[in-house]
Amino acid sequence: MSAEEYQYIENPMSVSRREFLSISGALIALTALPAAVVRRMAVKRNDYIRARTAGLYKDDTNAKVRVSHANQGVSRLYQDFLGNPLSEVSEELLHTRYIDRSRAMA
Amino acid sequence: MEQITKTFQAGEVPGIIIIDAHRCKGCDTCKRHCATKAISGMFGAVHTIDAAKCINCGQCLINCPFGAPYEMVDAVNTVVSKLKDPNTTVVGIIAPAVRVAIGEEFGMPPGSLATRRMYGAMHKAGFMIFDNNYAADLTIMEEGTEFIHRVRAAVFGDEIPGHKPGPLPQFTSCCPAWVRYVELNYPSLIPHLSSAKSPQQMAGAVAKTYGAAKVWSVRPANVYTVGVMPCTAKKFEASRPEFRSAFAHASKEQGAGSGTPYPDIDAVLTTRDLARLLKEMGIDLAKTPEAADESILAQYSGAGTIFGNTGGVMEAAVRTVHAVLTGEELAPLEFKPVRGLKGVKTASVTLLDTKFKKEATVNVAVVHGLRENITPVLDEILSGRSPYHFIEVMNCPGGCINGGGQPIPAVGSGWLGAMSPLLAWK
């Protein structure tokens, strides 16, 4: 190809300033849309944990008796059977011991 | 000391969770939820769980996108056959966290409180009700008293004859995954664990002694206790050989040779298992009318019910310890600093001990999500710098309400940190 034969032709696809702005705006909106969905998923990811937590706190708020030492059923168990906390029967039935499992793992 | 093979005592279920090799895609999600590095396998290859290291928490199971991990122990059919047996009194022990989650399996929104519907459905299925919230209250009485003894011994030099209080800080011992974690990895901290059993095991021991004799008037050997738990590790806990205490108690009373030994808890159903059992029996929880239960073993306080939340055990303990030491109820009863989803929550309470007429400041900490949060707290204790007196630990992020036995959420996961799912290298 010789130098005389070369002709410069301007790109026929030209974009005006206004067109450029609106196209970039649309592109930004398109990319932002999935980002918003992902963000929403990330934020709502633990909603079921919060809902269950709130359910139990609601049960506590609605309860007539809200402290363990006022549970009449437990008091009756101590009266009729266990005596008092850390009594001999309590130690036997309600307490335990633990074992060292670390050596078996090594 | 007993023979321990591969970190299990004789009689224990050797691991609860295994991975289905056909379903595993090797995506490594489970590894990011495992507190003990028990899962091995290259990215893209089938993963396996080392049962010797596994603490059976089931976080891998509820967070796996492919549903590959599953439980080896399934008691649904056994429980159904026991329910049909007229000679057996089947006792359903309902854990706190189950009531706010089981509805999800029947199309109810998460967090719907289904206690009374559960009573109705379980009556219909043939269960006697033992609300584990009752045992939670009992746990607070025992564990709280133990804590008061430890504090009085450490702060005021108080001594109780024939009773040697353990060291501070005291750890809660309700979470069986946490207990096994300590036994496996931090044996030197075992004395710090509260000697109180978990509510499930207390419930089993009470059901087969007091419950059998005074409440249902049946022979303990004919009582079949079923823990309904949000937890896979409870299946392991129930199989621990030390939990035969009701039988040991009966043998002591009636002399040796009183029949075949029975465990305190015969079977454990997770929340998912119970939903499956009810569906198999044709009971729709969402359509069951609410019912009350008049048994004294179904009475519970608000402090017992919040055991299922992270911080709940601590809050319940603070309410009772405050009342016992100062003679006054905590006001307000809501102990906010231990609520919420922060990894490590701390608080201080100053209590005037009426017995010694002196003030004691008690520092408490609440840890959940073992994988991310426990190591710094334990390192502090090992190096003697720990400012805490009482530490509540639950393995699962958010506490038992997000336990490994709970309904698997269709969307969402147990990742609490905002960016955690993206940090693949952690």
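Helix α11 (residues 312–326) of chain B lies across β12, β13 and β14 of chain B and runs at about 10 degrees to β12(B), where axes are lines fitted to C-alpha atoms, for helices over the stretch in contact, and angles run from 0 to 180 degrees between N-to-C directions. Helices (H or I, at least four residues) and strands (E, at least two) are DSSP runs numbered from the N terminus. This is a predicted model, in which local features need pLDDT of at least 70 and side-chain atom pairs count only at pLDDT 80 or more, while totals for chains, interfaces and linings use all residues. Residues are numbered from 1 along each chain as its sequence is written, and chains are lettered from A and ligands numbered from 1 in the order in which they are written.

**The sheet in chain B**
- Four strands of chain B form an open sheet of mixed pairing in the order β9-β14-β13-β12, two strands being paired if DSSP finds at least two bridges between them.
- β9 (170–171) and β12 (344–353) of chain B stand at the edges with a single partner strand each, so one side of each is left without a neighbour in the sheet.
- Strand β13 (residues 358–368) of chain B runs parallel to β14(B), joined to it by 5 bridges, and B:V367 stands opposite B:V393 in β14(B).

**An enclosed helix**
- Of the 10 residues of helix α5 (residues 176–185) of chain B, 9 are buried, so this helix is largely enclosed by the rest of the structure; a residue is buried if 20 or more other C-beta atoms, placed from the backbone, lie within 10 Å of its own.
- The buried residues of α5(B) include B:W178, B:R180 and B:E183, and their cover includes α5 of chain A together with α7 (233–238), α12 (370–382) and β14 (390–394) of chain B.

**Chain B overall**
- Chain B has 12 helices and 14 strands.
- The radius of gyration of chain B, taken over C-alpha atoms, is 21 Å, close to the 22 Å that the globule rule (2.2 Å times the number of residues to the power 0.38) gives for 426 residues, so chain B is as compact as a globular protein of that length.
- Buried residues make up 54% of the 426 residues in chain B.

**Where chain A meets chain B**
- The contact takes 47 residues from chain A and 71 residues from chain B, residues being in contact if their C-beta atoms, placed from the backbone, lie within 7 Å.
- On the side of chain A that touches chain B, the largest share, 13 residues, comes from α2(A).

Methods:
Two residues are in contact if their C-beta atoms, placed from the backbone, lie within 7 Å. A residue is buried if 20 or more other C-beta atoms lie within 10 Å of its own, exposed if 12 or fewer, and partly exposed in between; C-beta atoms are placed from the backbone.
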